[in-house]
Structures are given as structure tokens and as C-alpha cells.
Amino acid sequence: MKKFLCLSSILVTSLGLAACSNNNSSAADRDHNASNPLNQAPEQPKEDPISDTKIKLTFNNKEVFVRMYDNPASMAFLAQLPLTVIFEDYIGKEKISILQKRLAADDVQAGDPSKKGDFAYYAPWGNIAIFYKGFEDATNDLIILGQIESGKDNVENIHGDFTITMEKVTK
């Protein structure tokens with residue numbers, strides 16, 4: 001009986017101390033556990049948030065609307081608008097145009113394959129691109145500026161060189 005009382009008092013004391021130590025753990029301990037990568041959920045790849053800014057591309061009495069992403073390259077592009085440029089087809093997957101003034105890319109990199117409807121900037125050439133088909137080969141030099149919201153078919157169905165006027169859409 002003495003053993004039972006002794007063990008139960010040790011158990012009650014241990015539980016009391018454990019409860020107190022959990023409530024009194026230091027902020028440093030919590031910070032250490034939070035910063036330990038083994039205690040965190042894996043970090044998801046970060047995609048640029050879509051912004052409220054839209055641009056309109058006008059060509060051959062047709063319109064395409066693009067919702068821009070919120071990244072430095074997109075903001076640099078928007079600062080150049082309005083623009084009128086000539087686009088040409090490139091490898092049967094995208095329409096491209098060399099910009100007169102390069103964008104400051106500042107280490108923004110995509111690295112993901114492009115998707116149909118992406119409006120992008122290819123830093124090595126200084127060109128903008130409208131993808132009307134996906135492109136499987138990822139490159140870190142392709143920066144997605146935005147995504148076409150309407151008019152994808154208008155881009156895909158045009159042949160030869162064509163002139164586009166690009167402007168910001170005001171609310």
C-alpha cells in the first residue's frame with residue numbers, strides 16, 4: 001500500500017510539473033521550434049499574387065484582356081504603357097515582340113513551364129510573349145507578367161505579323 005501511495009504521489013507531482021512547464025515554456029523555445037524546418041509544413045512554391053490591374057491588347061478589331069501579376073517586372077512593363085508593337089509567331093506556341101526598352105527583371109525568375117494564356121517577358125532577348133499553347137521546357141529567364149482572362153482564341157487564330165496596341169484598363 002505504501003508503494004501505491006508513493007507511486008501515485010510521484011505521478012501526481014510529475015503531471016503537475018509537466019503541466020506547469022508547458023505553460024511556462026519560454027518564447028525562445030517556441031521560436032526555436034517554429035524556426036526548425038522539421039517542425040513546419042513544407043513551404044509551397046510561391047506564385048506572384050494576381051493584381052487588380054488589367055491591360056487591353058487591341059489588334060485587327062479584336063481585344064484581349066490580361067490580368068497582371070503583382071511583381072517588379074509587371075510593374076516595369078505597366079510603366080511603359082501605352083505601347084504599339086508588332087508581334088510575330090514563334091515556334092507555333094507563342095507570339096512575341098521585342099520591347100524598345102528592356103524591363104528591369106531584378107532577379108525575378110519563373111522556372112515553371114508556360115501555360116496557354118500566359119503573358120510573359122523573356123529577359124535574355126528583351127521580348128514579351130503571349131503563349132497560345134503551353135511550352136514544356138522551363139527556363140528561369142521567363143517571367144510571367146500576367147494571365148489572359150479573355151480573348152485567348154483571338155491570339156491563336158491570327159497568322160503572320162500583326163500590330164497590337166497595349167494599354168492599361170482604367171476602372
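Which residues touch the most other members of the largest nonpolar core? They are Ile55, Phe77, Phe119, Ile128, Leu145 and Met166, in a core of 28 residues. A nonpolar core here is a set of buried Ala, Val, Leu, Ile, Met, Phe, Trp, Tyr and Cys residues joined through side-chain atoms within 4.5 Å; buried means under 20% relative accessible area, exposed over 50%, and partly exposed in between (1.4 Å probe, protein chains only).

At least two residues of this core come from each of β1 (50-59), β2 (62-69), α3 (72-79), β3 (83-90), β5 (118-122), β6, β7 and β8 (162-169). Helices (H or I, at least four residues) and strands (E, at least two) are DSSP runs, numbered from the N terminus. Another core, of 7 residues, lies apart from it and includes Tyr69, Ala120, Phe131 and Leu142.

Before going on, a word on the model: it is predicted, so local features need pLDDT of at least 70 and side-chain atom pairs pLDDT 80 or more, while totals for chains, interfaces and linings use all residues. Residues are numbered from 1 along each chain as its sequence is written, and side-chain values use heavy atoms, leaving out hydrogens and water.

Now let's look at Leu145. Beyond its neighbours within four places in sequence, Leu145 is in contact (heavy atoms within 4.5 Å) with residues including Phe77, Leu103, Phe119 and Ile128.

Next, visit Glu156 in helix α4 (residues 152-156). Glu156 counts as partly exposed because its relative accessible area is 24%. Setting aside neighbours within four places in sequence, Glu156 contacts Lys116, Tyr132 and Lys133. Its C-alpha atom is 8.6 Å from that of Phe131, 25 residues apart along the chain.
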